Amino acid sequence: MKFMLLQEYGGVPESVPPMTEWTPEEIDAHVTYQKDLNAELTERGEFVDARGLAAPELAKFVVWDESGSPVVTDGPFPESKELLAGFRLIDVESVERAVEIAAKGSAAPGPRGEPIKQRIEVREVMGPPITH
Amino acid sequence: MTCKRNHEIEGLLRESAPRALVAVARRFGDFADAEDAVQEAMIDAARQWPAQGLPENPTGWLIHVASRRMTDRIRSEAARRDREQAVAAEGPPVPPGAPAEADEADDTLLLMFMCCHPALTPASAIALTLRAVAGLTTGEIAAAFLVPEQTMAQRISRAKKTVKESGEPFAMPAAEERGERLRSVLRVIYLIFNEGYAVSAGAELARADLAAEAIRLGRIVHLAAPAEPEAGGLLALMLLTEARRPARADERGELIPLEEQDRSLWDQALIGEGRALLGGALARGAIGEYQLQAAIAAEHAKAPRPEQTNWREVLALYGLLEQVTGNPMVALNRAIAAAMVDGPDAGLALLDQLGDTLGEHHRLHATRAHLLEEQGDRRGAVAEYERAARLTKNIPERNYLTKRAARLNASSAEG
C-alpha cells in the first residue's frame, strides 16, 4: 500500500518559533532526525521518495482562461500556510504502519529537543490507471 | 571473480561503444538509428561475453553486431515499403563502402558534436551525451536525474529525432563552425559536473558519479582537442573543484563553506594535475571563462590556510571573468573578493550597483547577508540569511543558511 505523508507550512503549533530562532544545534538535531527516519524507511524497504518543495514565495497559481492566455498569480499568498511544504511517499504493509511513520515524522525535535508536533496528512495513493 | 569479470566487461564496453557508434553511424549515415543498434549490441555483449569469453577485438565485435542489426532493420523497412506500395524493390540500400580510416580523436569530437547539437535543449544534450559518449545505460542516467527510466528513454529518443530532423549529416562540421560547436560541448560537460557537484540529499551517490562522468568526458575532449585551451581549462576547473569534495560536507551531509573547510583533506594529486593542465592552457594565450574559473580555484588551492589567500589576485581574476562572461552571478563573487581586499563596505557597494539584474536570487541575499555580518549589522544579516534560505532550492544550502541566521540570532540574544 502506498501512502503520501504530506506536511504544510501551517501544520506546526503557534508556540513553535521559526527555525531561524532555534539554536544551530537544535536545527542539526532536527535535520538528523528526518534523515535517520528516511534511512530507516529505506532500510526496511518502505521508502519511495521524500522531497521538500521550494518556498511559497516561488509558487504560482495558474488558471486556464477562455481567451487562450492562462491567468498566472504569483506569490506571496495570504493563504501560504495552507501550501504544501514537503512530502514522503512510502510503500508499507498496512495503514497502521503508515500512521506509525507519520507519528514519527510529527515527533521530529524542535527547540529544547521537544517534538514540534507537525501535523501530517496521511493519504493513501490510488492504484495506477489501466493502460493499454 | 565473476563480479570482477563483469566490471571488466562493463569498462571495456563503455570504452568501445563510442568508437563502434561512430563507425556504424559513418557506414550507414544515420546517427539516431546507429545509436539504437549499438545499444542493442551492447546488451548482446553483456549477455554473451561473460559466458563465451571476451572477443579479440571488442570494438570490431560491436560494430559487426550493430551493423547486422542496421542491415536487418533496413531490409525489414524496405520489405514493409514493398508490401505497402507494391513496387519492386531495388534491394536493400547498399551501405557506402568501408569507412575511411579516420582519426580517433576526430571520431570522439564528431560524436560529441552530434550529442551536443545546438538544436537540443541542455537537458536533452546531457542525456544523449551520457548515453552515447559516456556509455551509461538509460536506467543509470534516469537514476542520476531522479526521473523514471521511461521518461529518460523518451528524452533520449526525442533528442535523437531532433538531431535527425536537423538534417545535419554525420560528418565533421566545417572548420569555422567547430569553435562554436566545441563551446556547446564544453558547456554540456560543465553542466553535468555541476549537477554532480551540487549536494542533493538522498541522491548523493548517484550525483557524485555524475561529477566523475563529467571529468571522464572532460578528459576525452581534452585528449581529442589538445590545442583548445578552454578544453584544458574546463578539465583543470573540474579537477581543482573535485579536489575539495572530501572537505565540503560534514558527516551529516551539511555544507561546509570554503573558509571553514579542513584543507588537509583536499586531494593534492587532483590539485597538482589541475594546476599543470591550467598552466598548459594559459600558455596558449587564448583566455576563456573555464581557464579563469580554474585560475581562481587554483588560487584557493595554493593557500594552505584561508587567511593566506591572495585575494587581490582573486579579485582581479573575477574582474576578468565578469568582462568575459557578462554574467551578473560573477559579480557576487567579485563583491566577496572586494570585501576581503578593501572591507565589507566595498563589497556591499558593488552589490548595490547590481540593481535588479539578478532579481530575487538567493545567492544575492546570501552574499549581502555575509557582508552585512562582516560589517557587524546582525539584524540586517539575519533578515538577508532568512530571505536567502527561503529562496534556495537546495536542502543542504537551506539548512546552512538557516543555521547562519540562527547563530546570529543566538549571539545577539546573548550580547
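Predicted model: local features only at pLDDT ≥ 70, side-chain atom pairs only at ≥ 80, totals over all residues.

Student: Why are α5(B) and α8(B) called roughly perpendicular to each other?

Tutor: Angles of 65 to 115 degrees count as roughly perpendicular. The angle here is about 85 degrees, and α5(B) and α8(B) are therefore roughly perpendicular.

Student: Which residues of α5(B) and α8(B) meet?

Tutor: From α5(B) come B:Pro122, B:Ala125, B:Ile126 and B:Thr129, and they meet B:Val188, B:Leu191 and B:Ile192 of α8(B). By class, the contact of α5(B) with α8(B) has 6 nonpolar residues, 1 polar and no charged.

Student: What makes a residue of chain B count as buried, and what share of chain B is buried?

Tutor: A buried residue has 20 or more other C-beta atoms within 10 Å of its own. In chain B, 43% of the 415 residues are buried.

Student: How many helices and strands are in chain B?

Tutor: Chain B has 18 helices and 0 strands. Its C-alpha trace spans about 90 × 45 × 45 Å along the principal axes.

Student: How many residues of chain A and chain B are in contact?

Tutor: 16 residues of chain A contact 16 residues of chain B. On the side of chain A that touches chain B, α1(A) gives the largest share, 6 residues. That side divides into 8 nonpolar, 5 polar and 3 charged residues.

Technical notes. Residues numbered from 1 in each chain as written. Chains lettered and ligands numbered in written order. Axes fitted to C-alpha atoms, helices over the stretch in contact; angles between N-to-C directions. Helix = DSSP H or I, 4+ residues; strand = E, 2+ residues; numbered from the N terminus. Parallel < 35°, antiparallel > 145°, perpendicular 65-115°, else oblique. Contact = placed C-beta atoms within 7 Å. Nonpolar A, V, L, I, M, F, W, Y, C, P; charged D, E, K, R; others polar. Buried ≥ 20, exposed ≤ 12 C-beta atoms within 10 Å, placed from the backbone.
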